[in-house]
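Trainee: I would like to go through the labels on this model and ask what stands behind each one.
Mentor: Good. Have the structure open first.

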Amino acid sequence: MSTPLIVSASPHATSGATTPKIMWSVVLALAPATAYAIWLFGYPALSVIAVTVFFCVFFETLCGLAMRRPPTATDGSAALTGLILALSLPPGLPLWICAVGAFVAIVISKAVFGGLGQNPFNPAMAGRVFLLIAFPADLTRWLVPQQHTGDTLFGEPVTTLDAQGRITEYGLTNVDAITAATPIGLLREKGANIVADLPGNIEFLLGHINGSAGETSAFLLLAGGIFLLIRRVIAWHIPVAYLGTVALFAAITHLVDPSTYAGPAFHLLSGGVMMGAWFIATDYVTSPMFPKGRILFGVGAGILTMVIRLWGGYPEGVSFAVLLMNACVPFFNAWTRPKPFGATTATSGGAQQ
Amino acid sequence: MSILTFRGGIHPRYNKERTAALATKPLAAPDELVLPLSQHIGAPAVATVSVGDTVLRGQTIAQPGGFVSAAIHAPVSGTVSAIEPRPTGNGTLGDAIVLTNDHQDTETSYSGLGEDWAQADAATLRDMVARAGIVGLGGAAFPSHVKLAPPPDRTIDTVIINGAECEPWLTADHRLMLESANAVVSGLRIIQHILGAPNGVIGIEANKPDALRAISQAATGTPIRVVSLAVKYPQGGEKQLISACLKRRVPQGKLPMDVGVVVHNTGTAAAIHRAVVDGRPLLERIVTVTGTAVSQPANYWVRLGTPVAHVLQHCQTELTPAGKLILGGPMMGIAQKHADIPVVKSTSGILVLQPKDATTRPASPCIRCGRCVDACPMFLVPQELGAFARLRMIPEARAAAALDCMECGSCAHACPAHIPLVQLIRLAKADIHAAARKKM
């Protein structure tokens with residue numbers, strides 16, 4: 001008999017999970033928050049997202065060609081990096097800066113290490129931090145979201161006064177004109193006595209605040225994160241440890257000195273913590289592989305975020321915290337290796353991460 | 001009844017509904033049977049017949065080639081037409097006794113102990129098991145009488161019968177537990193008697209409630225404990241089963257008997273019952289024939305030595321190019337090049353897949369998602385073992401406990417990058433063994 005049958009090693013069944021499916025499901029989980037940011041900020045957000053994602057995929061393709069590797073643009077990882085990077089940037093950022101960020105993320109932080117799976121640092125965060133250091137003024141010019149009247153997405157400038165009497169005139173056609181510090185930046189400048197004047201938790205939850213596109217709706221980000229948790233794309237360890245640490249840290253400092261430090265709700269709902277805990281710190285490649293290591297990673301990222309927020313040189317610390325913890329991943333992997341079934345001691349993993 | 005389980009493992013698609021309700025039918029014996037002398041772990045059996053000899057059904061045609069070996073019997077009456085190398089299910093040629101069936105099924109006479117087996121001593125019973133050619137019928141094919149003869153310094157307090165049948169698609173053990181519940185329970189009691197083990201446990205996955213009921217009923221009035229196990233692969237792995245049923249953990253590199261336990265498969269227990277009570281040797285076994293390319297899936301009592309091609313013919317199954325033929329289940333079964341191989345003692349299933357289910361996907365880079373780590377029931381780091389194997393880092397692979405891997409396939413099943421982890425770890429294990437031999 002010469003029927004050519006397929007002969008391969010066991011197992012002969014797979015779970016159906018594939019790298020592209022995982023990457024695109026994370027993109028899907030970010031879609032509501034992305035759509036909301038576009039609705040909130042209009043064209044400045046849309047253009048930043050579109051250009052950043054485009055250039056990330058473009059550089060990924062280019063690197064693949066240069067390294068003579070099978071095309072990886074459709075696996076979704078570059079698009080996801082682009083989306084996360086874009087959501088961490090201020091809407092209205094000059095588009096050429098977005099392209100530079102994409103270059104740093106994909107080429108410098110990922111491809112030179114060997115591409116998907118080999119990069120020690122989160123590419124999107126490396127790209128963002130590069131831009132923050134290289135273009136500090138552009139990276140801290142935050143648009144105020146439009147006071148939505150439900151009329152037009154890209155409509156006429158709307159001028160209103162907010163609770164503090166600041167002009168929050170919103171000119172989408174006049175991007176450079178109207179910006180304001182983010183709530184977290186205000187807190188940093190003026191201390192917690194302004195907390196009472198800041199937008200309430202409901203506004204934070206809904207995201208009707210100024211900030212980067214991905215810092216706006218804590219609720220939609222949380223929903224996306226829980227979607228990933230339920231679909232078992234991510235495990236609970238990192239987000240729970242991260243958010244729990246931030247909450248605990250904020251609660252303690254707030255108890256010690258309520259006039260300087262804001263409470264846990266403010267810290268959980270403002271800035272990039274929600275985005276970071278669910279979508280950035282959970283990046284497989286740059287986070288620990290074992291449950292205990294993931295918890296340590298989340299706790300460390302939470303502490304660093306709060307230290308930077310409260311006492312560091314920048315108002316927001318999520319991207320620095322994640323990058324610093326990325327550097328610790330090999331240690332966490334070495335320390336938290338599982339003990340083989342029935343073994344008395346853990347195995348050594350050689351020099352491998 | 002609480003549901004017991006182990007840590008790690010996966011939830012593959014079980015696909016058992018196609019054959020679970022189909023009563024086992026005897027399959028007509030073929031004209032020619034091929035009985036490899038090595039159907040078990042250990043030394044090959046030694047043929048005791050010559051070409052041209054006439055044999056009766058049930059007659060011994062090969063004797064054990066050592067202590068760890070097993071006898072082979074003629075599943076049909078007829079003549080020995082050849083003793084020559086033939087293709088076997090593990091991809092090699094192996095010496096085999098070829099019988100031409102006279103279709104008379106003239107049977108030799110058997111003398112069992114009947115229900116009075118409890119009067120016999122352990123050695124007598126163990127000898128009956130050895131003479132019946134019984135090996136582990138779950139797939140491992142380890143000679144059963146060896147497991148019934150632990151070293152004198154080991155005390156066995158518990159015998160577990162493995163009715164988990166966690167391999168997807170397969171329903172052979174399920175049907176056996178329904179149709180021969182009394183034989184399974186009686187087999188367990190015989191094994192307990194041989195080993196002097198006071199406790200007997202039968203573990204069955206909770207997706208077989210009818211088998212749980214049938215076995216519980218058969219075990220009524222005995223001290224045997226029937227436990228319901230979580231539906232998770234590899235629930236039937238020996239160490240996982242012991243962990244689930246008894247909360248005992250077999251130490252690394254040790255055997256179940258080191259924690260006072262011996263595990264046998266349901267099929268083995270039933271075969272031991274038949275060997276002791278009826279004096280009948282192992283001549284046939286239940287084989288589940290199923291898969292996406294099988295139009296008439298079935299559970300068959302198949303004579304050992306029946307060519308797979310003969311079985312497939314009866315299931316109206318054509319092998320299509322680019323399809324897959326697997327002996328065993330999808331997780332640990334072996335893909336075959338052709339169907340000219342015999343059903344042997346360890347053949348629990350014949351799985352035929354359509355081309356769309358047989359495609360192997362190219363591996364993409366590891367994204368360190370950790371799914372393989374979460375899936376590994378031995379708590380290894382398959383991703384890392386795969387990397388060590390690929391780089392031929394032999395000492396590192398050994399230090400990372402590559403030899404603990406039982407090749408259950410959970411890691412590769414879970415891997416979204418389709419990295420052939422089991423294949424790589426097998427390579428690492430072979431490298432480790434080769435390096436150890438070189439040192440000696």
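The questions below take the labels one at a time.

Mentor: Keep in mind that this is a predicted model.

Trainee: Why is the pair Arg337(A) and Glu384(B) called a salt bridge?
Mentor: The closest N and O atoms are 2.8 Å apart. The cut-off is 4 Å between a side-chain nitrogen of Lys or Arg and a carboxyl oxygen of Asp or Glu. So the pair Arg337(A) and Glu384(B) qualifies. The count between chain A and chain B is one salt bridge.

Trainee: What else describes the contact between chain A and chain B?
Mentor: Chain A gives 42 residues and chain B gives 67 residues. Together they bury about 4500 Å², with 59% of it on carbon and sulfur atoms. Leu5(A), His12(A) and Phe341(A) supply 19% of the area that chain A buries against chain B, more than any other three residues. There are also 16 residue pairs in polar contact across the interface.

Trainee: How do you know whether Lys110(A) is buried or exposed?
Mentor: Set its value against the cut-off. Lys110(A) has 3% relative accessibility. Buried means under 20%, so Lys110(A) counts as buried. Its side chain meets that of Glu60(A) in a salt bridge, 3.1 Å from N to O.

Trainee: What makes Glu179(B) partly exposed?
Mentor: Its relative accessible area is 34%. Exposed starts over 50% and buried lies under 20%, so Glu179(B) falls in between. Its salt-bridge partner Arg175(B) has 9% relative accessibility and counts as buried. Both lie in helix 3 of chain B, four residues apart, about one turn of the helix.

Trainee: Why is it said that Asp431(B) and Arg392(B) tie together parts of the chain?
Mentor: Asp431(B) lies in helix 14 of chain B, and Arg392(B) lies in the loop between helix 11 and helix 12, so the pair joins parts that are 39 residues apart in sequence. The N to O distance is 2.7 Å. Asp431(B) is buried at 12%, whereas Arg392(B) is partly exposed at 47%.

Trainee: What makes Glu316(A) a buried residue?
Mentor: Its relative accessible area is 8%. That is under 20%, so Glu316(A) is buried. A polar atom of its side chain lies 2.6 Å from the backbone nitrogen of Gly272(A).

Note on methods: Residues numbered from 1 in each chain as written. Chains lettered and ligands numbered in written order. Predicted model: local features only at pLDDT ≥ 70, side-chain atom pairs only at ≥ 80, totals over all residues. Heavy atoms only, no water. Contact = heavy atoms within 4.5 Å. Buried area = accessible area lost by both parts, 1.4 Å probe. Polar contact = N/O pair within 3.5 Å; in protein donor to acceptor, adjacent residues only side chain to side chain. Buried < 20%, exposed > 50% of the residue type's maximum accessible area, 1.4 Å probe, protein only. Helix = DSSP H or I, 4+ residues; strand = E, 2+ residues; numbered from the N terminus.
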